[in-house]
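User: I have a structure open and want to go through parts of it with you. Can we start with how strands are paired?

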Amino acid sequence: MRRRDFLRGGASLACASVAGSCGAARAAEPARAWVGATIWLGDGQIIDDATLVTNGERISALAQGASVPSGAQVMQAHGFILTPGWVAVETALGLLEIELERSTLDAEPRADEHGEPIHAAYSAADAYNPLSSLIGVARREGVTNAVATPRGGLVSGTSAWVELIDHFPGRALVREDLALHANLFELRDNSRPLALSRLRNALESARLYARSPQAFDQGQTRELGLSPLDLRRLSQVLGGNLPLVVRVARAADLLRLLELGESYQLRLILSGAEEAWTVAPQLAAARVPVVIDPSDNLPTSFSALNSRRENAALLASAGVPLIFSSFDPYSVHNLRQLAGIAVASGASRSSALRALAFEPARAFGMGNEYGLLAPGKLANFSVWTGDPFELGTWAQEVVIRGRSVSTRSRQNELFERYRDLSRVPRGRAGLPPADGQTKR
Amino acid sequence: MVLSMRCRPRWGAFGVCCSVALGCAAGIHRGPLPSPPALPWESQPAVVSDVESPQIALVGATLMTGAGSEIPDGVVLFEDGRIDAVGPRSSVKVPAGARQIDVHGSYVTPGLIDTHSHLGLFGVPGLTGNDDGNEATRPVTANVRAADGFWPQDPALPRALAAGVTTALILPGSANLIGGQGVAIKLIPGRSIEDMKFPGAPPVLKLACGENPKRVYGERKQAPSTRMGNLAGYREVFQAALEYGAKFSDWQARQQTWQREQRSHDKPPQPAPLMPPRDFGLETLLGALSGRVLVQMHCYRADEMLGMLELAREFGFRVRAFHHAVEAYKIRDVLAARGVGVSTWSDWWGFKLEAYDTIRENLGLLSEAGVHAALHSDSASLVQRLNQEAAKSLNAARRAGVQIDRNVALSWITSNAAWTLGIEQQTGSLEPGKMADIVVWSGDPLSVYSRVSEVFIDGLPVYERGAQRATDFELGQGAELGQPQERKPEPARPGATEAAP
């Protein structure tokens, strides 16, 4: 039996194992048990002094006093809070490196196309890079999964459900073509009626295509104006096989989209939704999930004049399924701060927690496996030193499919390199002493 | 404390506050460099009447002074715009006539200061008609002034105030090598910038190195298109400023000779020597060279900041602070030794190559090394949570084993920020004699759950929770048509805010 401190100077999780090493296990994950933790299940329920047991990549038991299998690694987790791994949605995570360096951008076409094109077959899965430097920064703050999402154009393409694993190669892509994403916010070339008519036309074409793809292939249909792959993808949103996520802000646009959703039987998710609080009852009645940034409160455009900080609280209390996003891929790590902001602005703690994992997993059709800590679900969770929404806590451990993953990024390496400036070379004025620990 | 402790700035002919407390820190430099006549906008005496504000005592809160200390169950007493006394309840006698506000359970801090803001310049909504932040028509525009583009009805302003921000440095954008002159404001509502200017704040010049100028002009196939071009551009204009100054020196000498000759009647009457044509941009640069104008320089990379310090040495100016400066931690020893400040974010990174090496311990390491470190927003959204960003930086430092006191974290957005603007004798801490710029918080300001209950600027109550003043722009825009109704304002007593959930 041996113990290890997870972090110098901080509180430590004690790890004790009869079987042997407590280091991150490879291959088959051994059974592990976190004992005595406060567990925020993800749906709003909280269990104090509980035990969570994992076996392989799944949770095998979760309860107060759940029995720990013999041979399991036991983590004394008193004083720690366990939550589901956060799910980052509406993010270009893994699809770009440096926003202003076009050569690193895969979140949207690199050429400046005119007229807000329809790219239904544009698939995030074709670009997702599990080694992107953005991923470690997000994972360090408890993000275990993302809906990697393309952007731009009228129809941006399909997203992918990914796991923020720390090893390569590995299974980062869990499901591709997860949802189709469209954009009706701040259109550059299209007015609203033009954009919506083009979207309707595309859906009509897709319907025609779906009736007989063979007829289309044999040139027996009228000109549909889109490629077969685009048509196939669009046809999947008809009837709700694939969610259609639409970026939209203005209250009137939200209502218009609800009508569109009804007429084509779409499984809508509305995103951005700065003015959603003004039409909360309609959204709740339509059971349409809404993705917002709860820190938004500025009238940043004439489409979002009624943006206000209470958006989250008002939507949640109206019963709208609520999801939080930072949208900006470089601030995915701030998801938990956004939840804190929502709570400070009147949202309940349970609705804020649901918005980080449970609701996004459910909205994107991954709720069977993700978003809730319960026996049988995948063991994707974080172990927090305290209230995860607070600014003075951190994730002591992040677990993906039962395995402790790295909470380091290149930012940590930079910090360590420059922690002691006497070790930094400065030409002839001073080279650092030869040191086996100097990295790279 | 007694009234005689107060600073009552007097106003000199050049709008420069020369009180004892200020020690003429902001005074016109009388060094070896030539001085053309005062700039037109500086030659008018700044008319700032003494503020009349009621005598108020905030009683019972935990005071975080911004100057490094924390006082439980404290009292802040202020009147007529200035703080009279700060201390534990037992040591501060509250005069009988003072309005006592029980803020037990709350926290009180100095008003927050944002050292890098474009509020009112890049107003919201972000429309063409509001886009007044970059005079990107040539790479050096030292003659333009943020004050001239400032829109006092920017809806972002009352939101920043509601987040406890009482002072901000409004800067031109960073498209240009020299973007123009900044202006320090108080976030007190007014009809024009003249109502909002921070009295006695030193003039500021905004410079930008790195990717922005070379991208903006490079895309137009103009200079600068490289970092080499950036530095060449700086050298050209600073040299021009020196030569311009020399012309004035020459003119001044000739004028003195002329006056002497006219008085002594040695020679027949001659016309006075002609003053050289004036160039207000070059005069502003001369002000920067003389130290009268504070240089605030947008710069990300460590090597580039060191390069700018070499440039500063060549021409003999000082950099007050590097802004953004995400790599400042790499050169914190140099910055500390040379007294150069840093204004940066807690965690912005990656959006461009020069922002790639951000670390979240930056501020902690800078403070540990003794650098004047401040946390800025550069954003109409982030300015509304400066306290949270400071808390995040504090946490990142602690997590990495850099021991930083929580009151140091507060100084990043109060006293250190005031130093960056050159107004540290006036505001930025709860100390007798300072301006009564004060924020009452519902709880610990470093908690995500705490909200601003009340804000005072110059001792005047300018904000109360739930009573945010809509700007002209927002009136009648339909917010009130939405459902459900606005939440009721909190009770008037600031201590009666919600408990942290």
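Analyst: First a term: two strands pair if DSSP finds at least two bridges between them. Note also that this is a predicted model. In chain A, β9(A) and strand β12 (residues 180-183) are joined by three bridges and run antiparallel.

User: Which residue is the bridge partner of Val155(A) in β12(A)?

Analyst: Ala182(A) is the partner of Val155(A).

User: What is the strand order in the open sheet of chain A?

Analyst: The order is β9-β12-β13-β14-β15-β16, six strands with mixed pairing. β9 (155-158) and β16 of chain A are the edge strands, each pairing on one side only. On average, neighbouring strands are turned by 20 degrees against each other, ignoring direction.

User: Next, α8(A). How many of its residues are buried?

Analyst: Helix α8 (residues 335-344) of chain A has 10 of its 10 residues buried. Among them are Arg336(A) and Gln337(A), as well as Leu338(A) and Ile341(A).

User: What covers the buried residues of α8(A)?

Analyst: The cover includes β7 (86-91), β8 (143-148), α7 (311-318), β16 (322-324) and α9 (349-354) from chain A, together with α10 of chain B. After α8(A) comes Gly346(A), which has a positive phi, near 110 degrees.

User: α10 of chain B again, then. How many residues of chain B are in contact with chain A?

Analyst: 43 residues of chain B contact 38 residues of chain A. On the chain B side, the elements giving two or more residues are α2 (156-162) and α10 (386-399). α10(B) gives the most, with five residues.

User: How does that side of chain B divide by class?

Analyst: The side of chain B that touches chain A has 19 nonpolar, 12 polar and 12 charged residues.

User: I was looking at Tyr418(A). Is Tyr418(A) buried or exposed?

Analyst: Tyr418(A) counts as buried because it has 21 C-beta neighbours inside 10 Å, and the cut-off for buried is 20 or more. Tyr418(A) sits in helix α11 (residues 410-419) of chain A.

User: What does Tyr418(A) touch, leaving out residues up to four places away in sequence?

Analyst: Tyr418(A) touches Val424(A) in its own chain, and Tyr329(B) and Lys330(B) in chain B.

User: Over to chain B as a whole. How many helices and strands are there in chain B?

Analyst: Chain B has 12 helices and 16 strands. It has 501 residues, of which 54% count as buried. Of the contacts in chain B between residues at least 6 apart in sequence, 70% link residues at least 24 apart.

User: Why is β2 of chain B described as largely enclosed?

Analyst: Strand β2 (residues 70-79) of chain B has seven of its 10 residues buried, so it is largely enclosed by the rest of the structure.

User: And which strand does β2(B) join over seven bridges?

Analyst: That is strand β1 (residues 56-64) of chain B, running antiparallel to β2(B). Leu58(B) is opposite Val76(B) there. β1(B) and β2(B) make a hairpin with five residues between them, and Gly66(B) in the turn has a positive phi of about 85 degrees.

User: What about β2(B) and β3(B), how many bridges there?

Analyst: Six bridges, in the antiparallel sense, pair β2(B) with strand β3 (residues 82-88) of chain B. Val75(B) stands opposite Gly87(B). β2(B) and β3(B) also form a hairpin, with two residues between them. In that turn Asp80(B) has a positive phi of about 45 degrees.

User: Now helices. At what angle do the axes of α5(B) and α6(B) cross?

Analyst: Helix α5 (residues 227-264) and helix α6 (residues 280-290) of chain B cross at roughly 95 degrees, with their axes coming within 9 Å.

Conventions:
Residues are numbered from 1 along each chain as its sequence is written. Chains are lettered from A and ligands numbered from 1 in the order in which they are written. This is a predicted model: local features need pLDDT of at least 70, side-chain atom pairs count only at pLDDT 80 or more; totals for chains, interfaces and linings use all residues. Axes are lines fitted to C-alpha atoms, for helices over the stretch in contact, and angles run from 0 to 180 degrees between N-to-C directions. Helices (H or I, at least four residues) and strands (E, at least two) are DSSP runs, numbered from the N terminus. A residue is buried if 20 or more other C-beta atoms lie within 10 Å of its own, exposed if 12 or fewer, and partly exposed in between; C-beta atoms are placed from the backbone. Two residues are in contact if their C-beta atoms, placed from the backbone, lie within 7 Å. Ala, Val, Leu, Ile, Met, Phe, Trp, Tyr, Cys and Pro count as nonpolar, Asp, Glu, Lys and Arg as charged, and the others, Gly among them, as polar.
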